[in-house]
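Subject: A structure for you to look at

Hi,

Here is the structure I promised to send over. Please open it beside this email and follow along as you read.

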Amino acid sequence: MEDYLKTDSDKIITAGDFLRNFLNIINITQKKFSVYTEIEATLLNKMINGERIISLEYALIFSKLLNTDPLIWIEIQAKNEFKELKPKMSERLSRMTLQG
């Protein structure tokens with residue numbers, strides 16, 4: 001996860017992708033993990049599939065159970081949002097100036 005944050009690659013890996021990998025590594029199903037986290041299974045599935053963001057609350061829960069820094073989940077999402085937004089705003093930003 002830390003390596004992803006340090007790279008400048010154009011490839012986007014979602015926080016949900018990282019969560020899916022964690023669950024595969026520890027060999028636990030989404031349904032079982034939803035029980036441990038007290039998160040509704042459908043919501044957990046939406047986070048894993050990138051349909052919902054991982055909130056600060058869930059970042060704290062995941063960090064506790066998976067022994068990660070809670071901010072890393074939020075930083076991954078912020079990096080990805082920036083990657084998606086920057087090209088969309090490129091033209092608009094190029095027109096902006098503080099000069100008269």
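Which residue forms a salt bridge with Asp-17? The partner is Arg-20, and the closest N and O atoms of the pair are 3.0 Å apart. A salt bridge here is a side-chain nitrogen of Lys or Arg within 4 Å of a carboxyl oxygen of Asp or Glu.

Before going further, a word on the source. This is a predicted model, in which local features need pLDDT of at least 70 and side-chain atom pairs count only at pLDDT 80 or more, while totals for chains, interfaces and linings use all residues. Residues are numbered from 1 along each chain as its sequence is written, and side-chain values use heavy atoms, with hydrogens and water left out.

Back to the salt bridges. The structure holds 2 of them. Asp-17 and Arg-20 both sit in helix α2, 3 residues apart, about one turn of the helix. Helices are DSSP runs (H or I, at least four residues), numbered from the N terminus. Asp-17 has a relative accessible area of 24% and Arg-20 one of 29%. Both values fall in the partly exposed range, which lies between buried (under 20% relative accessible area) and exposed (over 50%), using a 1.4 Å probe and protein chains only.

The other pair is Arg-95 with Glu-91, whose closest N and O atoms are 3.5 Å apart. These two are 4 residues apart in helix α6, about one helical turn. Arg-95 is exposed, at 57%, and Glu-91 is exposed, also at 57%. As a general rule, an α-helix has 3.6 residues a turn, so residues three or four places apart point the same way.

Helix α6 covers residues 70–95 and also contains Gln-77. Gln-77 is buried, with a relative accessible area of 17%. Its side chain reaches the backbone nitrogen of Ile-54 at 2.6 Å, a polar contact (a pair of N or O atoms within 3.5 Å; within protein, one must be able to donate a hydrogen and the other to accept it, and residues adjacent in sequence count only if both atoms are side-chain atoms).

Finally, have a look at helix α3, residues 30–37, where Phe-33, Ser-34 and Thr-37 are buried. Seen down the axis, the buried residues of α3 fall within an arc of 105 degrees, so they line one face of the helix; the arc is that of the directions from the helix axis to the C-beta atoms. The face turned away from that buried side carries the exposed residues Lys-31 and Val-35.

Happy exploring!
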